[in-house]
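Dear colleague,

Please find the structure below, together with its sequence. My notes on the contact between the chains, the salt bridges and the aromatic pairs follow.

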Amino acid sequence: MSKVKKILRLTVVSICIVGLLITSMGVFGASKSKYSFKLTLMAQYFGTEPAPSNSPVILKAEEYLKTDLEFTWVPADGYNDKLNIMLASGNLPMVVYVPGKTASIIGACKAGAFWELGPYIKQYKNLKTIPDIVLWNSSIDGKIYGIPRSRTLGRNGIVYRKDWAKNVGITKLETIDDLYNMLKKFTYNDPDKNGKNDTYGMIVCNYNGPFYITLTWFGGPNGWGLNKNGQLVPSFLTNAYLENLKFWRKMYQEKLFNHDFPSVPGARWEDYYSQGKGGVKIDVIDSANRIYNGLKNNGFIPKDAKDTDIMDIVVSVKGKYGLRNMPTSGYAGYLMVSKTSVKDMNTFKKVMSILDKFGDRTMQDLFGYGLPNRHYKLVDGKIDPIPNLPADLSREISGLNQVLHFYPANGGTPRYMTPLLQLQTDMQALNEKLNILVPNPAEALMGMSETYIKRGVTLDNMIEDARVKYITGQINDQGFKKVLDNWRKQGGDQIIKEVNALYRKYKKNIPYKEDLYKILN
Amino acid sequence: MKQNKTVASTIFDVFNHIFLGIWAIITVLPFLYVLAASFASDSEIKTRTFFIIPHNPTLLTYKFIFASNYFLRSMLNSVIITVGGTLVNLFFTFTMAYALSKKHFIGRSIILNGVIFTMLFGGGMIPTYLLVKSLGLLDSYWALWLPGAISPFNFFVVKNFFQEMPQDLEDAARIDGCTEAQVLWKIILPLSKPIIATFALFYGVGHWNSWFGALLYINDAEKWPVQLILRQIVMLSTTLASDLTQFDPNFQPPQESLKMAIIVVATLPIMLLYPWLQKYFIKGMFIGSLKE
């Protein structure tokens, strides 16, 4: 009996082990290739699950590009770890999404891990539409190593509750004083008419964007500005910064925004608005539609109200120096071409021409929105995404827009717009048309300053810490000045010196006029 | 057995019960909240701060999770990784520990010192990655199983356990005609059930909860364990803040209740293991079943 049992046991165990071996080695995963060229890409994705390789959207794109596409998807949260380790191992796919100029990326570019695209970019019909400002902002060491992923430059503005403004009798929002007045009334005059004192003028979170937007209203620079002596100076060494700090401290003391702001995570920021707790948001303009949707889902607005009755947008408010606003850097990450897997010029050109085709209308529609009547409907020839798709369908397009560079901008079929979406788009365009955006001349220079690469994070945190402490009244003018002196001593002065040296060297490459980034105050 | 309690000991008992009761509640409450929130609507999670019973319970998030086979597949992947990994761990740890528990083993002290060395110094992430890559293990579960196949600490515990076993027992077995392998398989291992169960649980929980290895070594999303997805969902909604302009205008962070439901589904299986292994814990991992 024991012999039979033993043999039985042995077979079961060995079958298990062999089975595990085979399945885990991925023998069954051998891929079939339909086209002569295969492009491998690595990108991040948000949400629960990336698009599967047999997604009809990807198959359609492969047909259009006549290329096999092989994606390596990495969860957004672990992307930098994975990127760094693959950089170190020299094991990169052909096209790599790079989130930003970290020290390791700058090092890898300098060491020649990626192709320099600068000399070629103008030869391709879609890629040549990348604006010079964005190319300059995204450059590393004065060279272009990646195709920037487009973001609207004029994305910032002021979003507010139009219905609240009506309730408290406000008709215009043109100056900083108007805004202050609005915040006050939104806080104390019961704008939602529920008889309770439960609203804030605005909600602030641990993200510092709003503070730096208002800084430009007071004549301050965007990051760095040019002073009277022709020197670049960081924003916090200007008078405007101090004036802005005082403005924010005053608002804090009068409780025009929430006192727990340093501990409010950015992910919860918009929640407060969609619960009807705040009236004004100084941030990206496109948050207007998200707030409206949130309010609607939470049942805070009457059924027959139009979206533009609830939300309104202005690009900026006037201060002593007229209308001014802060732009974005114009891009969010890059697509880079790795030298380890794209070895010769012919392959490189092939890869570039495929990347160029990513900007074609077909590709922007496919990877941006999916397939018609499956992921979106066409309304008057415009794309209207189907809301709340079943999981299996929404998964087919998940993450794909992360490999688009969106050049030419608005190159896809236009989206169907509600009045509010239309307003958002108009306001973004107005931002750029009005010529009020203050550029940051040092945007591309910071990554070249040795001291900034080494100590930048620590030094930035010092200022950030002092900013919050000043607004909440924990330190005064002397305290703030002490922090600035400390900043200078611990490497700040060195950074200023290096940035100015770089500025003199690269001045002719900077694609905008000097008077745009002069410090006014 | 009846005891006459003094006042002091009664007070002590009462205090003890209250203290441990509060402690138990503190431990259980977060789980209850996560469970309740997984059945609640998003707006309820955002408007109410803490609750055990949702006002309008809904199964929506669970329907969403189980509607896509992706999530179920990742659960299956986790099971394969955990079971396979634990078997690999137990096999290597116990065989190595048994051999090195024998004093007459040649080169024993050199090997033991080698093991101690790995406890103090490690190559770090990048060299390990390079090694795994050059062994051709990328994209296979062996990349998750082999690099940590033996935990040095667990190894020493098992080795000491084997050393405590009386030599007489093995001698008796040998006189009865057992080979070396038979001694281990028929005599030693049956006596080691508690310690096997304990380390199976230690290793198993470790495999179930780990995600970083899969992030580094497994490129094929079809082979990802559930923890990687769970982490992505939970972290996205908390760390997204750092630079909001980086995100797409149309990007919506994942829903709160979905997050909670996935925590529940991902934690439940491994929690259900405890009752089955508990009897071995009561016996204790250092107590053998041998009486001299």
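Between chain B and chain A there are 4 residue pairs in polar contact, both residues at pLDDT 80 or more. A polar contact here is a pair of N or O atoms within 3.5 Å; within protein, one must be able to donate a hydrogen and the other to accept it, and residues adjacent in sequence count only if both atoms are side-chain atoms. On chain B, the elements that give two or more residues to the side touching chain A are helices H2 (42-47), H3 (60-67), H4 (69-100), H6 (125-134), H7 (142-145), H12 (212-217), H13 (226-239) and H14 (256-283). H13(B) provides the largest share of that side, 10 residues. By residue type, the side of chain B that touches chain A comprises 33 nonpolar, 16 polar and 9 charged residues. In this division Ala, Val, Leu, Ile, Met, Phe, Trp, Tyr, Cys and Pro count as nonpolar, Asp, Glu, Lys and Arg as charged, and the others, Gly among them, as polar. Helices (H or I, at least four residues) and strands (E, at least two) are DSSP runs, numbered from the N terminus.

This is a predicted model, in which local features need pLDDT of at least 70 and side-chain atom pairs count only at pLDDT 80 or more, while totals for chains, interfaces and linings use all residues. Residues are numbered from 1 along each chain as its sequence is written, chains are lettered from A and ligands numbered from 1 in the order in which they are written, and side-chain values use heavy atoms, with hydrogens and water left out.

The contact (heavy atoms within 4.5 Å) draws 58 residues from chain B and 54 residues from chain A. About 4500 Å² is buried between chain B and chain A, with carbon and sulfur atoms giving 58% of this area. Buried area is the accessible area (1.4 Å probe) that two parts lose on being put together, summed over both.

Between chain B and chain A the count is 1 salt bridge, a term that requires a side-chain nitrogen of Lys or Arg within 4 Å of a carboxyl oxygen of Asp or Glu. Arg395(A) and Glu222(B) form a salt bridge in which the closest N and O atoms are 3.8 Å apart. The pair runs from helix H15 (residues 391-397) of chain A, which holds Arg395(A), to the loop between H12 and H13 of chain B, which holds Glu222(B). Arg395(A) counts as buried because its relative accessibility is 8%, whereas Glu222(B), at 32%, counts as partly exposed. The classes are buried under 20% relative accessible area, exposed over 50% and partly exposed in between (1.4 Å probe, protein chains only).

Over all chains, the count comes to 26 salt bridges. One of them joins Arg290(A) to Glu270(A), with the closest N and O atoms 2.9 Å apart. Arg290(A) lies in helix H11 (residues 287-297) of chain A and Glu270(A) in helix H10 of chain A, so the pair ties together parts that are 20 residues apart in sequence. Both Arg290(A) and Glu270(A) are buried. A network of salt bridges links Arg155(A), Glu270(A), Lys281(A), Asp283(A), Asp286(A) and Arg290(A).

A salt bridge also connects Asp271(A) and Arg268(A) (3.5 Å, N to O). These two residues are separated by about one helical turn because they are 3 residues apart in helix H10 (residues 266-274) of chain A. Asp271(A) is buried at 11% relative accessibility, and Arg268(A) is partly exposed at 29%.

Turning to the aromatic residues, the whole structure has 43 aromatic pairs over all chains. Phe236(A) and Trp487(A) make an edge-to-face pair, 4.9 Å centre to centre with 85° between the planes. Rings of Phe, Tyr and Trp (its six-membered ring) pair if their centres lie within 6.5 Å; planes under 30 degrees apart count as stacked, over 60 as edge-to-face and the rest as tilted. Phe236(A) and Trp487(A) are both buried. The pair of Tyr241(A) and Phe480(A) is stacked because the ring centres are 5.9 Å apart and the planes lie at 15°. Tyr241(A) in helix H9 of chain A and Phe480(A) in helix H18 of chain A are 239 residues apart, and the pair links these distant parts of the chain. Tyr241(A) is buried, with a relative accessible area of 0%, and Phe480(A) is buried at 2%.

With kind regards
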